[in-house]
Amino acid sequence: MSNESIQKIIIEKLSAISTTDAHIDENTKIIADLGIDSITVMEFIMEIEEKYNIDIPQNDIVDLYTVKDFETYIRKRIN
Amino acid sequence: MINLNEKYSAIKQKTNIFIEKGIPVLRLELSDVTNPTRAKCNGKDILLAGTNNYMGCTFDEECIKAGYEALHNYGTGTTGSRAANGGYDLHTQLEKNLAHYLKRKYCSIFTTGYQANLAVISTYVTKGDKVFVDIDSHASIYDGCRLSGAEIIVFKHNDAQDLAKRLERNKDAPGGKLVILEGLYSMFGDRAPLHDFVDLKQKYDFTLLLDEAHSFGIIGENGRGLAEEQGVEEHIDLIVGTFSKSLGSIGGFAASNSEDFNLLPYIARPYIFSASQCPSSIATTIEALKQFERKPERRKRSKMLSEKLHAGLKALGLNIACDVPSPIVAVKIADENELVKKWNDLLENGLYVNIALPPGTPSGTYLLRCSVSSAHQESDIEQIISIFQKCVV
């Protein structure tokens, strides 16, 4: 799967739960820029897990700040 | 110098919004608490329907007498941990009584329920292990998992199929596996489908921990919790619970049949480095536990009152979070503004219930959460329904 399509899926899902009008791109900080609370982040993670048939441990999430971080992480996991 | 106001500006902003709307966030003050169901708030008489005081033990005469006697015989506090000077015969007695009541070989008690989860989880799993938790788990479970260093995998609420999928993906992973469930979930009052989860133990090798914080004392024929009600006690490896709900005190416990469990006091940092519970608190807990056996009518009464409240609020056309009645009856509200307004209206009309919103609840879920006590009168339940009719419908 191309970088662009993983990124597109992440951005689509984040757009649906963002509480701000901030434009979302690869540099967007998922929690800081989008005003999402911790439980919503976990629900978002579950959607991504479902989509790619992977488990994303909570321990890994703390290092995933931006859309780009997330995309890189998913790419590594599915490969 | 770190500026905390700057660091937590989002929290400050949110807190200020609530305070402006009249919600004393995390700072509600009750006074003149005269029995398990009555107090004053800002000088006004309040009917309490959000205390988790399920068995109404807080003003039980025998519990109070036991507490007084312990104060006289042991003093106000232990001034130390069990590992040092803080281990009294009362603590050991309570552990024996709890083990007997739960039909388990071993039991350890802790200064709070929060610490019980921290201690047990961080002892049983460590770095290199995996822990599987329901997304709606209590913060003490999440914090225990974080303290453990184990890999934390979250599964969908009450969804054994989703857990099975995750266990399958990790079946060849090295290290131990711990699955953590709660009996009665605190916000919606829904029960875990324990049979579905227990069935997975045949295929996947894992240890099963059940937190019965909200179900202990009040659910099951003898009050041993949801595992007793659903007939799966033998499949639960570790039981965790609290004294601060049905037992009307403060503290927590964990129980097991595994001999390894006895190592816990030598390993669990939350146990080793916390002062033990004060003697009066232990004494009232010992007495309250005896009453679980002596006064089973309290459980029957709680069930009757819970069903009455559930049916009454449902008849008003309100959206109840769980279809099956339990002592937790939560009403869903459309949005945050409505929630805040209605919670204030209820309080203004003499009724206290819990206000619950994300991240304490799933996203988009706003709750007015009631908990029923066996100390409530039928007329109290009618009054709760009547105030909801006036303020929430």
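Tutor: Chain A contains 4 helices and 0 strands. Read from the N terminus, its elements follow the pattern α-α-α-α. This is a predicted model, with an ipTM of 0.90 and a pTM of 0.95.

The dimensions of chain A come next. A compact globule of 79 residues would have a radius of gyration near 12 Å, and the 11 Å found for chain A agrees with that. The C-alpha trace of chain A extends over about 35 × 25 × 20 Å along its principal axes. Buried residues make up 23% of the 79 in chain A. Among the contacts in chain A with a separation of 6 or more, 50% join residues 24 or more positions apart.

Chain A meets chain B through 11 residues of chain A, which are in contact with 13 residues of chain B. On the side of chain A that touches chain B, helix 2 (38-52) and helix 3 (58-61) of chain A are the elements that give two or more residues. Of these, helix 2 of chain A gives the most, with 6 residues. Sorted by class, the side of chain A that touches chain B holds 4 nonpolar, 4 polar and 3 charged residues.

Now to chain B, where the part for a close look lies. The average pLDDT of chain B is 95, and 99% of its residues score at least 70. Helix 2 of chain B covers residues 9-20. How many of the 12 residues of helix 2 of chain B are buried? The number is 0, so this helix lies largely in the open; to count as buried, a residue needs 20 or more other C-beta atoms within 10 Å of its own. Just after helix 2 of chain B, B:G22 adopts a positive phi of about 100 degrees.

The part itself is an open sheet of 4 strands in chain B, with the order 1-2-3-13 and mixed pairing. Its edge strands are strand 1 (31-35) and strand 13 (351-352) of chain B, and each of them pairs on one side only. In general, the strands of a sheet pair through backbone hydrogen bonds, in either a parallel or an antiparallel sense.

Take strand 1 of chain B to begin with. Its pairing with strand 2 (residues 38-41) of chain B is antiparallel and runs over 2 bridges. One bridge sets B:N35 against its partner B:R38 in strand 2 of chain B. Strands 1 and 2 of chain B form a hairpin, with 2 residues between them.

Strand 2 of chain B also pairs in the antiparallel sense with strand 3 (residues 44-48) of chain B, over 4 bridges. Here B:C41 stands opposite B:K44 in strand 3 of chain B. These two strands make a hairpin as well, with 2 residues between them. In that hairpin B:N42 has a positive phi near 50 degrees.

Along the sheet order 1-2-3-13 of chain B, then, strand 2 of chain B has antiparallel pairings with strand 1 and with strand 3.

Methods
Residues are numbered from 1 along each chain as its sequence is written. Chains are lettered from A and ligands numbered from 1 in the order in which they are written. This is a predicted model: local features need pLDDT of at least 70, side-chain atom pairs count only at pLDDT 80 or more; totals for chains, interfaces and linings use all residues. Two strands pair if DSSP finds at least two bridges between them. pLDDT is the predictor's confidence in each residue, from 0 to 100. Two residues are in contact if their C-beta atoms, placed from the backbone, lie within 7 Å. Ala, Val, Leu, Ile, Met, Phe, Trp, Tyr, Cys and Pro count as nonpolar, Asp, Glu, Lys and Arg as charged, and the others, Gly among them, as polar. The expected span of a helix is 1.5 Å times one less than its number of residues. The radius of gyration is taken over C-alpha atoms; the globule rule is 2.2 Å times the number of residues to the power 0.38.
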